[in-house]
Amino acid sequence: MMEIRLDLLILILGFSALCSPVLSDVVLSKVDRRIDLTSQIVRSFTTLKVENTGVNKVSELLLPFPDHQAKNLAFLMVTTIEEKGKSKSFSNPLTVQLINPEGMPPALTWYSVSLPKELGKGERLTLEIRAIFTHTLQPFPEKITQADIQLVVFQDSAYYLSPYSVKAQSLTVKLPEPRVESYTKLENTKVSGSEIKYGPYENLPSFSYSAIAIHFVSNTPFAVAQELVREVEISHWGNVQITEHYSLVHAGAQSTGEFSRLDYQARPHIRGASAFRHLVAKLPPRAHSVYYRDEIGNISTSNLWSDSTKTQLEIEPRYPMFGGWKTSFTIGYGLPLQDFLFHSEGRRFLNISFGCPMNELVIDNLILKVVLPEGSKDISVSVPFPVKQSQELKFSHLDMVGRPVVVLEKTNAVPEHNQYFQVYYRFSSLSLLREPLMLISGFFLFFLACIIYLRTDLTISKSSASYLAKLQWDEVQASIQQFLGLVNRSLAIHDRLEASLRDLSRTGDVQACKATRKAVDSALKEISRELSSSQKPLITSLQSSSQAAHILPKVDELIAKEKELQDKLLAKHSAVVDSFEKKSGRREIENRVAVLQQRITVLRQEIDDLLEVIDEI
């Protein structure tokens with residue numbers, strides 16, 4: 001603070017020695033300044049009564065701003081005022097240009113206002129100057145705890161800084177609440193509620209400056225969008241889709257210490273006075289399909305009200321926003337096309353608001369993208385204030401050459417920039433048929449391809465070597481499947497024979513066991529005949545196919561193992577039945593068939609392995 005005041009003092013000393021003869025022809029007979037500090041955005045309204053006391057006509061008026069203020073100047077508008085009795089009427093905004101005049105004091109940024117008509121000798125004119133500043137209120141202290149209130153400092157001059165002499169002037173500063181920690185006290189200073197009044201001051205020379213500082217309570221939301229990407233996509237099928245991506249930060253005093261949600265929930269106005277937990281967006285009247293989400297997903301803490309004049313969306317982040325805390329989210333909604341798209345001189349034009357629908361939101365970097373339909377041409381843009389403009393392409397569903405995108409960038413944007421702008425372009429109505437025709441053609445070609453595929457013989461020539469090899473392999477597979485079926489049947493009969501021995505051991509019924517043996521012998525003979533009849537064609541087909549050469553040894557080995565297993569099982573069955581008829585003991589029977597049983601177990605495992613190998617092949 002002291003460094004700024006010292007700089008301003010040096011400026012005052014330099015200003016007092018400089019005065020242009022041409023500028024001395026203009027006198028400000030009355031200056032009425034009103035500064036609104038009720039939000040984080042500083043709004044200055046200045047009414048100037050200008051009088052030409054010289055001989056030469058005046059066509060422009062110079063407006064200086066200190067550099068430390070000019071860097072935060074977001075919006076500047078000058079209009080003329082015509083007073084008719086008690087009513088006032090304002091003209092359209094006058095042309096304001098940034099200039100660098102010669103012979104003027106340093107550390108100042110100058111703007112030139114073009115008057116609606118030249119001001120002759122003795123003529124008067126009343127101007128209204130609206131200047132909007134951001135990042136001007138400085139938190140002091142810069143760091144606070146959850147329970148502290150937020151205090152900020154505002155610095156300016158009690159006198160209106162001007163290259164013209166001022167006959168009379170006054171300044172009124174409006175605060176968000178009556179509580180003031182401290183303020184600069186000058187002559188004719190008065191505090192009335194939440195307003196501080198300086199003046200009136202009379203007969204001040206040009207470049208008069210008297211620094212003031214006001215230290216006051218401001219718990220209003222210091223919501224700043226570090227970046228806002230706003231996409232407006234036009235669909236000639238009846239919709240304008242708006243998508244807004246916010247990167248938000250609380251730019252007030254930094255929050256230090258621990259955060260207690262319990263204390264905040266119990267006493268939010270005391271243990272969270274400096275935080276904000278919701279924002280309000282004023283959407284167009286017929287907005288529909290509104291959504292609010294972040295990277296996690298949909299956020300349900302939002303409320304929507306709509307009537308014939310407006311649609312209001314109240315959003316609440318997932319957590320209260322204290323100083324320095326950040327969050328990101330996306331808002332989207334649709335608008336009726338007929339409310340924003342119009343025709344003029346053979347061209348179409350979009351007429352929609354530029355800025356952000358959020359109340360009192362400062363945007364450090366605003367990127368607005370207007371996505372036009374594919375095939376748009378002869379594109380031009382009309383914006384009521386300076387912006388950086390470029391173009392790019394965006395590809396979406398069924399696009400062939402891409403959709404032209406008009407990109408407008410604006411830094412330091414405030415709610416006053418939420419003005420209507422126009423995007424003009426030419427678009428043929430026949431282009432609307434492009435996507436439906438593409439869909440129809442695509443489905444037609446798909447079904448045509450299906451018909452051709454189903455009706456075309458795509459098999460390989462029957463005389464080719466690959467086709468003959470395929471036929472041989474099919475025959476081999478069929479023979480192997482038949483052979484494996486017989487082997488599995490034989491193994492099932494072996495299991496039946498083993499089961500009869502277990503029944504014999506349990507019941508001692510030798511006759512039942514012999515009957516089972518007789519049935520098994522008959523079944524095995526039948527399988528043996530079928531196996532003999534299929535073995536020869538199987539071996540022939542395996543020998544004739546080069547692809548099946550590695551299977552033949554496995555088949556021969558399987559046949560031999562199965563034959564040996566069958567013989568061992570029959571021998572075991574005969575030995576057990578004979579022992580039961582001689583009434584031999586259980587241990588004697590087990591000793592008699594132990595060697596046979598050991599071999600049977602090995603053969604079963606080997607047969608299972610061979611079946612698994614052949615099945616995999």
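# Calls and cut-offs in a predicted model

Reader: Why is D495 called partly exposed?
Author: The relative accessible area of D495 is 40%. Buried means under 20%, exposed means over 50%, and partly exposed covers the range in between (1.4 Å probe, protein chains only); D495 is therefore partly exposed. The model is predicted, so local features need pLDDT of at least 70 and side-chain atom pairs count only at pLDDT 80 or more, whereas totals for chains, interfaces and linings use all residues. Residues are numbered from 1 along each chain as its sequence is written, and side-chain values use heavy atoms, with hydrogens and water left out.

Reader: What makes the contact of D495 and R604 a salt bridge?
Author: The term requires a side-chain nitrogen of Lys or Arg within 4 Å of a carboxyl oxygen of Asp or Glu. The N to O distance for D495 and R604 is 3.2 Å, and their side chains accordingly meet in a salt bridge. D495 belongs to helix α5 (residues 465–507) and R604 to helix α8 (residues 586–616), so the pair ties together parts that are 109 residues apart in sequence. Helices here are DSSP runs of H or I with at least four residues, strands are runs of E with at least two, and both are numbered from the N terminus. R604, at 24% relative accessibility, counts as partly exposed. Elsewhere, salt bridges that share partners join E231, E233, K394 and R403 into one network.

Reader: How many salt bridges does a search of the whole structure find?
Author: The search finds 27 salt bridges. Among them is the pair of R318 and D294, with the closest N and O atoms 2.6 Å apart. R318 sits in the loop between β23 (311–315) and β24 (326–336), and D294 in the loop between β21 (288–293) and β22 (302–306), so this pair ties together parts that are 24 residues apart in sequence. A further salt bridge joins the side chains of R34 and D32 at 3.4 Å, N to O.

Reader: What makes the rings of F342 and F349 a pair, and why is it called tilted?
Author: Rings of Phe, Tyr and Trp (its six-membered ring) pair if their centres lie within 6.5 Å; planes under 30 degrees apart are stacked, over 60 edge-to-face, and the rest tilted. The count by this rule is 15 aromatic pairs. For F342 and F349 the centres are 5.6 Å apart and the planes stand at 35 degrees, so the pair is tilted. F342 is partly exposed at 30% relative accessibility, whereas F349 is buried at 15%. Ring pairs also link F259, Y319, F322 and W325 into a cluster.

Reader: How do you know that strands β17 and β18 pair?
Author: Two strands pair if DSSP finds at least two bridges between them. Strand β17 (residues 223–235) and strand β18 (residues 239–250) have twelve bridges, in the antiparallel sense. One of the partners in β18 is V240, which bridges I234. Their hairpin has three residues between the strands, and G238 takes a positive phi near 115 degrees there. β17 also pairs with strand β27 (residues 362–371), in the parallel sense over eight bridges, and the partner of V224 in β27 is V362.

Reader: What makes β5 and β14 edge strands?
Author: They belong to an open sheet of eight strands with mixed pairing, in the order β5-β4-β8-β2-β1-β12-β15-β14. β5 (87–90) and β14 (189–192) each have a single partner strand, so one side of each is left without a neighbour in the sheet. Within this sheet, eight bridges join β1 (residues 26–36) to β12 (residues 165–174), and the two run parallel. D36 has K174 as its bridge partner in β12.

Reader: Why is F443 called exposed?
Author: F443 has a relative accessibility of 51% and therefore counts as exposed. F443 lies in helix α4 (residues 434–455). T411, found in strand β30 (residues 403–413), is likewise exposed, at 53%.
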